[in-house]
Amino acid sequence: MQARAKIGIGTAVTHRAAVPLAALLLVALAGCGGAPAPGGQSGQPGPGAHEPVATADTDWKGVADTLGRAGKLTDDNTVYRVALTRSDLNNMVSQGVPIKPGLSLGGYATFTKYDDTTMLMGDLVATESELPRVTDALQAHGIEQTALHKHLLEQSPPVWWTHIHGMGDPTQLAQGVRAALDATATPRAAAATQQPPIDLDTAGIDNALGRNGTADGGIYKFTIARNDIVTDAGHVLPPGTGVNTALNFQPVGGGRAVINGDFVLTAPEVEKVIQALRKGGIIVVELHNHSLTDQPRLFYLHFWAADDGVALAKTLRTAVDATNAKPHQ
């Protein structure tokens, strides 16, 4: 495996060349079948993996000030997550359905501290006209783009989702994210308001999925972690960095919903989930990776359908059960 070069903005923020040599060797050997990777199916992080460190809000003041947006601590205070929802794109339509921002337009940036560095992972939402400027801003600040794709079928206006990664000083990482955000019209988060009613049989959906959803901005959401220990470049990733399966229901009237989100899958799970979704008429929109060096290698499958909410939930349950998902607690 070839280590990547350091970036050009000072010395604190680097690409993955900062990964300890031992961790890189373990990843390379695992790819050859010669040694266990730092992370995988065993439920243990494996030798050489760096564990995330618990933090406080005060540890992230520089990040919040730089971004002009405050985040929230999740995952036992190991992940500082800043929501970057494109609530300004309130005219988005896909397959003839007006899309609420909470269904598909929820960008984010996460910051996780380790003993040797801080890791940035995130997903930015950009219109097609904004995308070249976002790419240039990220590249100028040494932030990697690890995926670029769409989450929806035919859509207007055209929007892209780009995944980002960086390691180094958290404030310098935030400066790169801020430069990318400034190339877009991404608004600051609005003050919390009373949740609108969800016109769906949420009890029936909960029962079908075997877990309880959460109402958020008119969308009924499920976030499902995997049982695997996932690492990237030898660093253990808490689920809140973006390695959760996300199932979102938007009511469209009469108990019907449109659904969008993504499954997080290992290679052996991909075909099983596609077959489960298609048996229930759910459309596969995209299948791709989000990271360059994650272990186990993960694939992300985005989906779409419009139908009775409970019927959709029953199909999604068969797909969830085909993955190594954590049971509902």
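These legends walk through a few close-up views of a predicted model.

**View 1. Helices α4 and α5 packed against each other.** Here we look at α4, which covers residues 131–140, and α5, which covers residues 170–182. Their axes sit 8 Å apart and meet at an angle of about 165°. Angles over 145 degrees count as roughly antiparallel, so that is what α4 is to α5. As for handedness, the α4 and α5 crossing is right-handed.

**View 2. The residues where α4 touches α5.**

**View 3. Strand β6, covered on both faces.** Now for β6, the strand made of residues 118–127. How many of its residues are buried? Ten of the ten are. On one side you'll find T118, L120, G122, L124 and A126, and on the other M119, M121, D123, V125 and T127.

**View 4. The hairpin of β5 and β6.** Strand β5 (residues 106–113) runs antiparallel to β6, and six bridges join the two. Four residues lie between these strands in the hairpin. To get your bearings, look for Y108, which stands opposite D123 of β6.

**View 5. β6 paired with β9.** Strand β6 also pairs with β9, residues 159–168, through ten bridges. This pair runs antiparallel too. A handy landmark is T118, found opposite G168 in β9; T118 is also one of the buried residues of β6.

Notes:
Residues numbered from 1 in each chain as written. Predicted model: local features only at pLDDT ≥ 70, side-chain atom pairs only at ≥ 80, totals over all residues. Heavy atoms only, no water. Axes fitted to C-alpha atoms, helices over the stretch in contact; angles between N-to-C directions. Parallel < 35°, antiparallel > 145°, perpendicular 65-115°, else oblique. Left-handed = near helix turned anticlockwise from the far one by under 90°. Contact = heavy atoms within 4.5 Å. Buried < 20%, exposed > 50% of the residue type's maximum accessible area, 1.4 Å probe, protein only. Pairing = 2+ DSSP bridges.
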